[in-house]
Amino acid sequence: MLFSSKPKGFFIDLGEKSAYVLRTSASSGAMQVEVLREFQPDDLRGLAAILVELQSRKSAGGYTQACVGVNSDQVFVRKSSLDVKKLKDPDYLTEFAITQFKLDPVINSIAVLNATDGRDHDQQRLNPEKDVVLCGLPISEVNKFQEDLLQRGVYPARLELSSVASLGALIDYLKFTDSTKPTLVLELGSRQTQSYIVSSRGIEASRPISVGLDDMVPVVQKELGLKDEESARKLFFSNTFDFTGMGNSLCKRLLKELQSSMGFYEVQTGQSISQLVCTVLPAKLNWIEGVIASQIGVTILQPNLLPWLNKRGISVVDASIISALDARKFALCGLIVNFNSEINDPAV
């Protein structure tokens, strides 16, 4: 198997609505971000062309080793609490996944992580963690991602869930900024929304909501009197019409679910959620974040990622890349940062 001989690092985030390639000066440790490119998630041929260009290769012969973050509507990230008294039973975690979340380990690739620090849960520890996060996706999806990447010249040296990488980076960022605010994190997909509440202490709550961007399209059609849903869809996902005025109607179902989740959390913990961040929302739909924040009475988190990255040993000198470091890049940041290291000297 052939690999690029250049000691560069390549990191790819394959989101549902947007995707990115990052090239760094090294694949690990202190490094400098050199190139950031965006491409359409379904354009894997375009990805292959980008990688050929970034490696200055004349052809696509060989493979590019990369750390890849993936996402799909079948990804699951569920926070829950274990019965520590049962952890001595080697079958307990398997039974827990099946009974609590209907996740069959035979057909799903499942990881159990500590909700506080994201490390692999060790049920054999003297005092094992009680709060955990079960995350993963169907094994068939893993195989499909790997096959698609290999066909495009990408060898996934590491395959991660973009959601987990994003949450890990966000939590570390909140620690860096000494934030004590519980933060509502939304991943708005086509058919559903993943909702999380996080803080500098880790993942506090998670909940999938069966309302997605596609559910807003029929409302657009009705509000504007359009002939068919396809016309409404094209208009909704374009950047040619200001939907802010009808934002409350478009987000009505989602807002109802969010207010229920927030109310439950605040009653259970006595803490108020004060800020919101949408980590996968396409730039053309940024207005949705403003509508949601306004209706649930919170501010929008506007991260300044550069000082945090510098502290983690990652330098960025290109002004265009610095300006692009918004909340949608949390997943990429989660892929390049080594959270187990104490590196704090940016690469030169």
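Is helix α1 (residues 44-54) mostly covered or mostly uncovered, and how many of its residues are buried? In this predicted model, α1 is mostly covered. Eight of its eleven residues are buried. These are Leu44, Gly46, Leu47, Ala48, Ile50, Leu51, Val52 and Leu54. The buried residues of α1 pack against the strands β1 (9-14), β2 (19-24), β3 (31-39) and β4 (64-70). They also pack against α3 and β8.

Open space was examined next. Rolling a probe the size of a water molecule over the atoms shows where empty space is left. The largest pocket holds about 1,100 Å³ of space. Its lining is made of 46 residues. Asp117, Gly118, Glu160, Val164 and Phe339 lie nearest the centre of this pocket. Six elements are listed as giving two or more residues each: β6 (108-114), β7 (131-138), β8 (154-161), α4 (162-176), β11 (202-209) and α12 (330-336). Helix α4 provides the largest share, seven residues. By residue class, the lining divides into 24 nonpolar, 14 polar and eight charged residues.

The second largest pocket holds about 490 Å³. It is lined by 17 residues. Nearest its centre lie Gly15, Glu16, Pro41, Asp42 and Asn71. Helix α3 (residues 139-151) gives the largest share of this lining, five residues. Helix α3 is also one of the elements against which the buried residues of α1 pack. The lining of the second largest pocket comprises five nonpolar, five polar and seven charged residues.

Terms used
Residues numbered from 1 in each chain as written. Predicted model: local features only at pLDDT ≥ 70, side-chain atom pairs only at ≥ 80, totals over all residues. Heavy atoms only, no water. 1 Å grid on protein atoms, 1.4 Å probe; cavity = no way out; pocket = protein on both sides within 12 Å on 5 of 7 lines; lining within 4 Å. Points joined across faces, edges and corners; volume = space filled by probe spheres on them. Helix = DSSP H or I, 4+ residues; strand = E, 2+ residues; numbered from the N terminus. Nonpolar A, V, L, I, M, F, W, Y, C, P; charged D, E, K, R; others polar. Buried < 20%, exposed > 50% of the residue type's maximum accessible area, 1.4 Å probe, protein only. Contact = heavy atoms within 4.5 Å.
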